[in-house]
Amino acid sequence: MHYIWILILTAFWTIILGFIGILFSLFETKKGSSLGAFARIWAKLILFFSGVSYSVTGLDNLELNKNYIFAGNHASGLDILLAFGCLPFWLVSIAKKELKSIPILGFVMSKAGHIFVDRKNRERALETLEQAKESLKENPRSVLLFPEGTRTRDGSLGPFKKGGLLLGVDTGIPIVPIAFCKTFEALDKGTFRMNNQPIELRIGSPISSDNYSFESRKELATIIRNEVKTLLNN
């Protein structure tokens, strides 16, 4: 199986479902919620037609009528599909701003309420996160966050950055540690070849953000990282 096939499926379903989702969004009161629903279908279809075997554990830790900040390790491009396919929420990601310039994909993500951050400009990144906090308060939704900031190069879990986790602190949204298991091993880095093995999303228990502040953000990042590490090692 080749990763290029997943890229083709991603482009195809992004165009088809993105167009349908935007049509639906013209008639909705919560702008972006329809695209959030179509994003789950999008991920499931790509995983199905690519033949990737996947599973999810820990959904019983969550309440489906709530919103969460999902914070996990970033091992490969499969993480995005696994998160959107397995988490039954209106989910948006904190993504690098370069994705916004990709035709169709960037437009659909913008309409769906995803958050684009300039990783090369710390000041602008912080400004974007401030805007995101207000947006989440006005239009609540769940957020997918990769606190490492980038994909792992060797499969190990890197240090967690504190900035994105402050979204939970400042909005009161609980933070949920999640672990993407075997997604690094499933995709040979630097190639388009994939290994035919199951991948899994493991979900931990929500951590209340009410007990933390800007001053204790480092402690929060350490706690979340340790929880993700435990999930990976289970």
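1. Helices, as counted here, are DSSP runs of at least four residues, numbered from the N terminus. The model under review is predicted.

2. By that numbering, helix 1 gives the most to the lining of the largest pocket, with 10 residues. The space in this pocket comes to about 1,300 Å³. Its lining has 47 residues, and those closest to the centre are Gly 77, Ile 80, Leu 99, Leu 105 and Arg 151.

3. At least two lining residues of the largest pocket come from each of helix 1 (3-25), helix 2, helix 3, strand 3 (91-96) and helix 4 (105-112). By type, the lining divides into 29 nonpolar, 12 polar and six charged residues.

4. The second largest pocket holds about 750 Å³ of space. Ala 125, Leu 129, Lys 161, Gly 163 and Gly 164 are the closest to its centre among the 25 residues that line it. Helix 5 supplies the largest share of this lining, six residues. The division here is 11 nonpolar, five polar and nine charged.

5. Helix 2 (residues 33-50) packs against helix 3 (residues 78-86) at an angle of about 125 degrees, and their axes are 7 Å apart.

6. On the helix 2 side, the contact is made by Ala 39, Arg 40, Trp 42, Ala 43, Lys 44, Ile 46 and Leu 47; on the helix 3 side, by Leu 81, Phe 84 and Gly 85. Seven of the contact residues are nonpolar, one is polar and two are charged.

Terms used. Residues are numbered from 1 along each chain as its sequence is written. This is a predicted model: local features need pLDDT of at least 70, side-chain atom pairs count only at pLDDT 80 or more; totals for chains, interfaces and linings use all residues. Side-chain values use heavy atoms; hydrogens and water are left out. Axes are lines fitted to C-alpha atoms, for helices over the stretch in contact, and angles run from 0 to 180 degrees between N-to-C directions. Contact means heavy atoms within 4.5 Å. Ala, Val, Leu, Ile, Met, Phe, Trp, Tyr, Cys and Pro count as nonpolar, Asp, Glu, Lys and Arg as charged, and the others, Gly among them, as polar. On a 1 Å grid over the protein atoms alone, a cavity is a set of points where a 1.4 Å probe fits but cannot get out, and a pocket is an open set with protein on both sides within 12 Å along at least five of seven lines; lining residues have an atom within 4 Å of a point. Grid points are joined across faces, edges and corners, and a volume is the space filled by probe spheres set on the points.
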